[in-house]
Amino acid sequence: PKSLVYLGLNCDEPPFDDRDVRLALDYAIDKEKVAEAALYGTGQTTASPATPGSPYVNPDVEPRPRDPDKVQEHLEAAGMPDGFSATFKIPQSYPTQVQGAEVIADDAAKVGIDLQIQQITWSTWLSDVYSNRNFQATTSSYLALWYPDVSFYKFLHPNGAFFFTGWENEEYNSLVEEARAIYDEDERVDRYHRATEILQEDRSGHLLLWWQPSLYAGQSSYK
């Protein structure tokens with residue numbers, strides 16, 4: 001199994017309630033550099049929440065490249081030509097996320113976006129970020145399954161059990177609801193592919209960063 005690490009944005013509160021602000025941050029980040037810093041080449045960047053290698057991955061949707069000109073374009077569209085600042089709460093018990101966050105903040109600073117890193121405990125993350133939604137930007141991860149319902153519905157649909165970023169899109173919601181009840185594989189794939197396009201076009205509250213392998217160890221005997 002693999003874990004998907006993402007940058008979570010609170011779409012219910014300024015500044016990330018503005019799509020242009022979310023896009024500005026997206027274009028500010030060199031995702032390959034972030035994944036390299038966090039995982040030393042073992043991570044895989046992505047723009048899809050579908051498990052790598054599955055038919056639900058839309059091959060036409062790729063991570064946005066770092067583009068300072070696009071950053072400025074979207075900052076101006078948001079009425080923030082000089083940039084903005086936001087808190088960036090990172091669970092300190094996940095070193096790869098801390099390392100990735102430092103590169104993200106450095107990239108963002110170069111284009112006028114001040115992400116103020118606050119390392120917090122996992123229990124604080126669960127209470128402040130996840131439960132109370134007291135955050136602007138954060139990082140987290142989840143273990144993804146081959147069947148995409150966990151990624152597309154439980155984390156990204158407002159009725160999902162793990163939804164917390166506040167991002168909503170009616171077309172997206174309808175597509176993933178339909179996909180849950182469709183038996184025809186091709187029709188289900190088509191809906192998840194279109195849903196992925198919407199995640200990218202509308203810059204959802206989950207800015208996907210990288211996939212990383214979940215490593216487990218065991219031994220045949222225990223003393």
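**Exercise 1.** State how far apart Trp122 and Trp125 are in helix α5, then classify their ring pair.

Step 1. Trp122 and Trp125 both belong to helix α5 (residues 122-131) and are three residues apart, so about one helical turn separates them. Helices here are DSSP runs of H or I with at least four residues, numbered from the N terminus.

Step 2. The model is predicted: local features need pLDDT of at least 70, side-chain atom pairs count only at pLDDT 80 or more, and totals for chains, interfaces and linings use all residues. Residues are numbered from 1 along each chain as its sequence is written, and side-chain values use heavy atoms, without hydrogens and water.

Step 3. Rings of Phe, Tyr and Trp (its six-membered ring) pair if their centres lie within 6.5 Å; planes under 30 degrees apart are stacked, over 60 edge-to-face, the rest tilted. With 4.9 Å centre to centre and 10 degrees between the planes, Trp122 and Trp125 are stacked.

Step 4. Trp122 is partly exposed at 31% relative accessibility, whereas Trp125 is buried at 3%. (Buried is under 20% relative accessible area, exposed over 50%, partly exposed in between; 1.4 Å probe, protein chains only.)

**Exercise 2.** Classify the pair Phe152 and Tyr192, and locate both residues.

Step 1. The pair is tilted, with 4.7 Å between centres and 45 degrees between planes.

Step 2. Phe152 lies in helix α6 (residues 149-154) and Tyr192 in helix α8 (residues 185-201), 40 residues apart.

Step 3. Phe152 is buried at 0% relative accessibility, and Tyr192 is buried at 0%.

Methods: Helices (H or I, at least four residues) and strands (E, at least two) are DSSP runs, numbered from the N terminus.
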